[in-house]
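Thanks for coming, everyone. Let me put the structure up, and then we'll walk through it.

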Amino acid sequence: MKNAKWFWATLIVLLAVALLFTGCGPQSGDGGESGDGGGSTASVVKLGFFAPITGGDSAEGTAARNAFLMAIAAANASGEYPYTIETIVIDDQGTDSVAVAGANQVVADPAVVAASGFWNSGPAAAASAVFKEAEIPLLIWGAIRDDLTNAGNYPYITRSAPTASQENSASAAVVLDDLGYTDWFIVSDAGDYGQGNLEVFTQELSKRGLTPLGSEVVQEDATDFSAVVAKIKNSGAKAVYCGSTVEIASLLKLQLYQAGVTDILFAGISGMKTPDFLKIGAEAAEGALVVSPGVDLDSTDAGRAFTEAYNLAGYSEPIGAYTPYAYEAALILLNALSACGDAPTAEAMVDAIKDSETTGIFGTTTFDEIGQTTNVATYLNVVQDGKWINYLNSEYADGTRSFGGQ
Amino acid sequence: MVPMGYLLDLIGSAVLLGCTYTLVAIGFSLFFGVMDVVVFCCGDIAIFGAFSILASYTILNGLGVTGTWPLLLVILLLLLIGILFCAVLGLLTHRFSIKPFEKSSALMPLLSTIALGTVIREVIGLMFMPVTNGVADMVAGENAVHVVSGRNPQSFPSLLSLGGSTAARNIIIVLVTVVILLLLFLFLNKTKTGLAMQAISQNKELSLMTGINVSRSIVITFVIGGVVLAISGFLVGSYQTIMSFDNGSMFGIKGFSAAVVGGLRNTWGAVLGGMLLAFVEVMVSGYVPNGSAYASILAFVVVVIFIVFKPEGIIGEKTVEKV
Amino acid sequence: MSTMLEVRNLHTSYGRIPMLRDVNLDIAEGEVSCVLGANGSGKTTLVKAILNMVKADQGTMKLGGVCIDSWPTHKRVAEGVSLSGAAVGTFPKMTVETNLKMGAFYVNDAKILQDRLEEIYTSFPVLKDRLQQKAGTLSGGERTMLAIARAVINKPKLLILDEPSLGLAPIMVEEVFDIIQRLKKDKMTILLVEQNAAKALAVSSRGYVIQKGAIVFSGASDVLQKSEFVENPVM
């Protein structure tokens, strides 16, 4: 029938276009432009990589993928490995079910010896079960919910990024202890990231005998926060804690500014420390204070070298808060591969990763007894005149400027 | 006590949010009215319009036009470009997502436009930067202004914030919405093309027998729908200031809900539906502790209530005649 | 007297099921012809095929001597084939006046349109009192009047009335046939498609009987009146 023909033709065209443009489904990136690692198939070792490449979190996910592939490409080009390292990139779309399907696909490939992945905690937790079952090691680079690394999952699941608690306690030490804010209003999103931050920041408050004046959970795709702004204004809060991503945080900060709510501290979490936050304009963004994992890239040689290499590679997505962690994850896996000799296996990689000691951008990473990194570094950033700068070097730290609400 | 100013703040927010929902909802009701199918990618078409305006602005900026030409001229030029893009996208939507399924069940165009919405979103995410920067380089050479990444949030030019005032911008948004609604009303009721579109929406078979060129009217509907959606994209962008390539899915769902509350075929219903949805959301967020988490859900509960108890919509009239 | 509509050898099908088989019609100008047939005999398919709303598998049609096979529906209407009927209905959310104007969709001159409307108000006085009322709120009889008026305002070369009296009260049926009588007096060419054989044959000069998609009788109405087709209860 004519209709049926049309239907299938259109469906196939749509699917093809979707695949072409979005890169759904697996992409095989050997990452090595030189790619002269011998011709035989036995000399290929595969790694899995998971990130949200399409959908709302794709800015962060794509940048992380770029950094990961950059490290693998460099390793292939170096000639240090007697085999070619290929990366199976899975777009988890920030969705649990897609992540599980991708994980099943990765573990089914006999050449896969390890994987790294996840910006979202939900997909990370869901896929962890698959990897643990298959006894293939998974190194998490960007999902921060505390319980992802635990004794039950050890040694298969490890994480090189700090947890939500580790991040928030560093920021709490500054805004609660040093700056002494007591009247808080908490805004977080309904996703894993927001919920994790809401929980640990509330704990930090209650440790100090404080309760927030109000709290509001917003939908992850929300763009209009006028009612939340009105509530904050009405609550008399002197400080706002925003435990969410840059999309929500920048709009909230902007809408607070537009509503004239400027005499207030705006404190946040690593996810919002990207150049995108500054797009709301210097005046609206001024004074936002966030904690970031790792160390200031501009403050160390290793950090500057990474930034330079990344920019030189010509990627269109700017470096996000967790992009260096994806790069470090690749370094850790490469380090473990080196320890496994000429024919690495998943079994050997499990031990090699947990015992690894890797020096990357942020110093040396080793793992504790549940697979969590011991290299917990955090630093604070503040927006000053339309730029993110290290809090310690800012006019806020030396008292020239002051946050609102004091 | 909650002060009076608080309520006024909320009402102002709800009206603005309602305006953005309304224009997307009108897209839905135009398409549904004339073709009896839900074109689910309306929100994405609007955001596509916003991004094409953003891209054109970046290119004009590189040419140094934005500072020297009168602001009004720049705005009109940008709107024209956005309208052009959305009209073409509307036509493509019809050609590839609707027309092939003309004789199949209404579910087919629904599914295919959902898929098309995803394609539009990802095309924005992937193509926005290379195309914009490529064209900017071509026309402006060394002076080219570049955008960074298509997937990161982009800042929309604040063309309506005269002197940085959001109050002026907000008034313009409401005024433009009202003007668009009036123009649409006049078009639908005072021109033959508009009457033909209404006729198709009320009785397709009779429209054919009256001598209306139905397929041509459908094409025109998509062009008009594209125009309305482009303007709504412009207003949404101006209101939000920061846009993401995937904002379209949220606006699509809200616009669709507003259209359902309004009765799907009824333009005025879409206005009331959009406003009702926005008021429910803003008031729940504003007055219920931690209400923002439930605001959208409650708004959808309103939609479900309408589907169950008043499927003909908020001002939909039951007509005696059934064909 | 010349032929207004000539249908030759018309075949249509619905999917693979044949609907009309070898239908031939000759509708004379200025006359009322009728097509009689039971439910499901193919009457409505025939009407739609004349308007090209159902595609013909084969056969040709001429309107006033001009071959119209390649004309799409809207062109056939614009060139003077109007259709009305109880099942076709009205535009329910438009006013009576707008419905009438939609009927004259191809009249662009405001003056001519106004004249046509005035003519309609004279021949359908009941509509004049309801001009601003929505068509969906009219009574069944009024709606039928509107449906006929909407088709007549186009001053068609051929007016097709598809079961105009369907579902009407007897008094309204009388009125509908009065109108047909009046239109006949004005020398309008009418193709009346009916189940009500007695009434239809009374106003028409030529009749066709359609059964299972084929014309089984054609001839003068008074001959048909006395034939087995009308007396046969199968009808």
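**Contacts, core and interfaces**

Start at A:Phe68. Leaving out residues up to four places away in sequence, A:Phe68 touches A:Phe49, A:Thr87, A:Ser116, A:Ala326, A:Tyr327, A:Ala329 and A:Ala330. Contact here means that the C-beta atoms of two residues, placed from the backbone, lie within 7 Å.

Some ground rules. This is a predicted model: local features need pLDDT of at least 70, side-chain atom pairs count only at pLDDT 80 or more, and totals for chains, interfaces and linings use all residues. Residues are numbered from 1 along each chain as its sequence is written, while chains are lettered from A and ligands numbered from 1 in the order in which they are written.

Now chain A overall. Chain A has 12 helices and 15 strands. Those are DSSP runs, numbered from the N terminus: helices are H or I with at least four residues, strands E with at least two. Of the 406 residues in chain A, 56% are buried. Buried means that 20 or more other C-beta atoms lie within 10 Å of the residue's own, with C-beta atoms placed from the backbone. Take the contacts in chain A between residues at least 6 apart in sequence: 72% of them join residues at least 24 apart.

Next, the core. Which residues have the most contacts inside the largest nonpolar core? They are A:Phe68 and A:Val240, and this core has 291 residues. A nonpolar core is a set of buried Ala, Val, Leu, Ile, Met, Phe, Trp, Tyr and Cys residues joined through C-beta atoms within 7 Å. Helix α1 of chain B, residues 4-35, gives the most to this core: 16 residues. In chain A, domain 1 (2-162 + 300-375) and domain 2 (165-293 + 379-393) both give residues to this core, so it lies between them. The domain bounds come from an automatic or database domain assignment.

On to the interfaces. Between chains A and B, 42 residues of chain A are in contact with 44 residues of chain B. On the chain A side, α1(A) gives the largest share, nine residues.

Between chains B and C, the contact takes 18 residues from chain B and 22 residues from chain C. On the chain B side, α7(B) gives the most, with five residues.

Last, α7(B) itself, residues 192-202. Eight of its 11 residues are buried, among them B:Leu195, B:Met197 and B:Ile200. What do the buried residues of α7(B) pack against? They pack against α1, α6, α8 and α9 of chain B, together with α3 of chain C.

Technical notes
Buried ≥ 20, exposed ≤ 12 C-beta atoms within 10 Å, placed from the backbone.
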